[in-house]
Amino acid sequence: MRKSLQARIMMMNWKTSLRLWAALIYCLIWSIAPALADSPQVENDQQPIIIIYTVQPGDTLLSIALRYNLTLTDIIRANNLSDADFIFPGQQLILPGIILPSLPSIPFISSSSDQVHMVKPGETLFSIAELYQMSVNDIMLLNNLTDPYFIQIGRILKVRSSLVLRSSQLDYPFTTVSLSEPIVMQGRTLVVRVALAEAATVSGTFMEQPLFFYQNGPQQFWSLIAIHALLEPNIYPLTLIATLPDGKTVTKVQEVQVIEGDYSTETIWLDNDRSGLLAPELVQQEQQKLAQVWSQVSPRPWWEGPFWYPVGSDSLRITSNFGTRRHYNGGSKLSFHGGTDFGGGVGVPIYAPAAGRVVLAERLTVRGNAVLIDHGLGLYSGYWHQSQIAVNTGQEVQPGDLIGYIGDTGLVTGPHLHWEMRLNGVAVSPLQWVRESIP
Ligand SMILES: [Zn+2]
């Protein structure tokens, strides 16, 4: 009791001294700004923290405000902005009033879908989980916590900004509709949850992508939505349809805001021999063969919890990220990297990162020795360019099972594992599946 009162007083003191500090630091900031040029920088001290944030392509003031738990007014005032709509990539913004208590350094990872929550007196991990419609386990994973019963007052927790609509905002028979991220980055997997008032069924679509709902309780369903890595940033409708036992349907349309991913751009130069391998009909043929497999939807999820990395921690080296924009031979045609690449010599073992069933294990022209695993509900993972395949089609795998070895077969410039995840046929970020427990 006494402790929580003290904490409250301490927080008040921070708040009152904030203005003073803000003024002081504002004067100092430009003299040290070059040293803080990379985004975002956080200094951890007992004083109020000011973040110098470099605006990324696709950012809006609102998306930045949401990400750092600030109001638009906070940012506009701190930066003397006259036109709130006009910010440009590369512009540096002062994000004021982020107060970190004296705690061990907290890694502040910028991810557009994360926001932060400061633990207040009287709160528990369970009440915070309830507040953000997350599971306690998800919060623990996101913040590297080991004990759900011990959290420090003043600790900054990363939470996911979900959207929850209750029955008062919905038409019968919808009682709850929630989105794991109402503002979502290109290339991510989004979770929609629906609860219905009676024994109705639910279906839905997003960008002509039919959604497959899994029933996880009486009148409770969830579904995964793939956000294409090149989907133009905009607001798109998610259509949900409840079908009542008498055949009557009720439609709910929910807006989903897609923002630009923080992906870089690279140009790949291929010599004429290699370019020949990229013959459109050859690429297309292989693509069609795979699409035929990953368009099948198994009715239940095989996986549970976060995915593992597909290589051992001793050989964990990411050489190319998912989503990187690619120009070939300096041309203007834009594509993107559909997976995460792991470096490593020929023969490094590859392991199944989650439970599933092998649906393809054979040599392909572009992808080389390839394995494709069905994880259920339209989710697949692929492992290309292997030197040797260690599984057979039809085989069931558990996380950690050997599936093959890193190699340089197919269209590659050197040995590596290309790890790709497909949801409803769309390539999504594999590392999101490692870092988060989905759904
Ligand atoms: Zn790759």
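Strand 7 and strand 14 (residues 249–259) pair in the parallel sense over three bridges, where pairing requires that DSSP finds at least two bridges between two strands. Strands (E, at least two residues) and helices (H or I, at least four) are DSSP runs, numbered from the N terminus. The model is a predicted one, in which local features need pLDDT of at least 70 and side-chain atom pairs count only at pLDDT 80 or more, while totals for chains, interfaces and linings use all residues. Residues are numbered from 1 along each chain as its sequence is written, and side-chain values use heavy atoms, with hydrogens and water left out.

Within the pair formed by strands 7 and 14, methionine 185 stands opposite isoleucine 259 of strand 14. Both strands belong to an open sheet of five strands with mixed pairing, in the order 7-14-13-9-10. Strand 7 (183–185) and strand 10 (209–211) each have a single partner strand and stand at the edges, so one side of each lacks a neighbour in the sheet. On average, neighbouring strands of this sheet are turned by 30 degrees against each other, direction ignored; axes are lines fitted to C-alpha atoms, for helices over the stretch in contact, and angles run from 0 to 180 degrees between N-to-C directions. Strands of a sheet pair through backbone hydrogen bonds, in either the parallel or the antiparallel sense.

A further open sheet has three strands in the order 20-26-24, with antiparallel pairing. Its edge strands are strand 20 (349–351) and strand 24 (388–389), each of which pairs on one side only. Strand 24 pairs with strand 26 (residues 402–405) in the antiparallel sense over two bridges, and isoleucine 389 stands opposite glycine 404 in strand 26.

The chain as a whole contains eight helices and 28 strands. Of its 439 residues, 49% count as buried, a term for a relative accessible area under 20%, with exposed meaning over 50% and partly exposed in between (1.4 Å probe, protein chains only). The chain exposes about 21,500 Å², of which carbon and sulfur atoms supply 52%; accessible areas come from the Shrake-Rupley method with a 1.4 Å probe, and for residues only the protein chains shown count as cover. Among contacts (heavy atoms within 4.5 Å) with a separation of 6 or more, residues 24 or more positions apart account for 63%.

Helix 5 (residues 136–143) is largely enclosed by the rest of the structure, because six of its eight residues are buried. These buried residues are Val136, Asp138, Ile139, Met140, Leu142 and Asn143. Asparagine 144, which follows helix 5, has a positive phi near 55 degrees.

Histidine 337 counts as buried at 2% relative accessibility, as does aspartate 341 at 7%.

Aspartate 341 is also among the residues touched by arginine 317; the others are Phe342, Gly343 and Gly344, not counting residues up to four places away in sequence. Arginine 317 lies in the loop between helix 7 (280–294) and strand 16 (318–320). The C-alpha atoms of arginine 317 and glycine 343 are separated by 5.5 Å, although the two residues are 26 residues apart along the chain.

Two cis peptide bonds can be described. One runs from tyrosine 172 to proline 173, with omega near 5 degrees, and proline 173 is found in the loop between strand 5 (163–166) and strand 6 (174–179). Another joins isoleucine 438 and proline 439, with omega about 10 degrees; proline 439 is placed in the segment after helix 8 (430–435).

Glutamate 208, in the loop between strand 9 (201–206) and strand 10, has a positive phi near 60 degrees and counts as exposed at 81% relative accessibility.
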